[in-house]
Amino acid sequence: MCTFYFLVIYGIMITTFKAGLFSWLFIFPILSYLLLGIKAGSLITLVSVSGGLFVLGKMVWVNNHEMHWIVMGNAGFTLAAIWSMVYVYESKREYVFNYLKEQARKDPLTGLLNVKALNDTLADTLKIAQRHSYPVTLVYIDINDFKQINDKQGHQKGNEILLAVAQAIKDLTRVEDHAFRYGGDEFCIVFPNCVHEQVRQTFGVRLAEQAHTNLNKLSMSIGYAQTGPSEFCSPDSLIHKADKNMYVVKSIIKSGDSFHEWQNGSATG
């Protein structure tokens, strides 16, 4: 694009002077913003328009210096108007694009990230963790007997519980953690730079206690899986391991194990 702009300006310089030739400058902001976006488009527009106006001013002065300020004023104001309109348009377009992109990554009910975002985020988190040699722990949560809650108390009550659990997860996680609604009554949380036991003590036990106390003795099955800091598994393997550990806890809870009931389903595996 810079080459194209240079050739336009150079072509104008070597032809017989006509002020109308500089109408080519008006397309610079349009092309720059539409093809390069806000940041790069602003920089390229500034450089190319400044260069074009400099050449215009020099050629007008040589050919008819009495008309210099009139021509420069018309060209400058017209370029400023076009530049402003294109900037506003591109800013709004970029805002809408980013908003829709972000909404596509979120669960519409809870506001947590969705399963598609989990796959991308977990892969990126593991790459960074492997580069810096720190552990990553994945937590897999399932609300026990959620189907019975929906059947007996209605889907509205079920949605209220999902929202309450999601809010509790947000309250108990750090800024650098990533929380997801995996689907239905299942949630996943990615904890960078945390070992399994640390997550269980600082998050799992507290979440289970809050659910038991504040949500009418709601019970959860929570599975943990850690990878790193020396050896790392794939994102799918980590999710599968946490899911498997969660089902182990769920089966123990259903069997009436008092130790796991005391933990409200907090996994030790």
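Which residues in H4 meet Pro235, Leu238 and Ile239 in H8? They are Leu118, Asn119, Leu122, Ala123 and Leu126, where a meeting is a contact, with heavy atoms within 4.5 Å. This is a predicted model, in which local features need pLDDT of at least 70 and side-chain atom pairs count only at pLDDT 80 or more, while totals for chains, interfaces and linings use all residues. Residues are numbered from 1 along each chain, and side-chain values use heavy atoms, with hydrogens and water left out.

**Helices H4 and H8**
- The axes of H4 (residues 115-132) and H8 (residues 235-254) come within 9 Å and cross at roughly 110°; axes are lines fitted to C-alpha atoms, for helices over the stretch in contact, and angles run from 0 to 180 degrees between N-to-C directions.
- H4 is therefore roughly perpendicular to H8, a term for angles of 65 to 115 degrees.
- Helices are DSSP runs of H or I with at least four residues, and strands are runs of E with at least two, numbered from the N terminus.

**Nonpolar cores**
- A nonpolar core is a set of buried Ala, Val, Leu, Ile, Met, Phe, Trp, Tyr and Cys residues joined through side-chain atoms within 4.5 Å; buried means under 20% relative accessible area, exposed over 50%, partly exposed in between (1.4 Å probe, protein chains only).
- The largest core has 26 residues, and Val139, Ile141, Ile169, Phe187, Phe203 and Leu207 touch the most other members.
- H6 gives this core its largest share, seven residues.
- A second, separate core has 18 residues, including Leu118 and Leu238.

**Serine 230**
- Serine 230 lies in the loop between E4 and H8.
- Serine 230 counts as exposed because its relative accessibility is 69%.

Key: Parallel < 35°, antiparallel > 145°, perpendicular 65-115°, else oblique.
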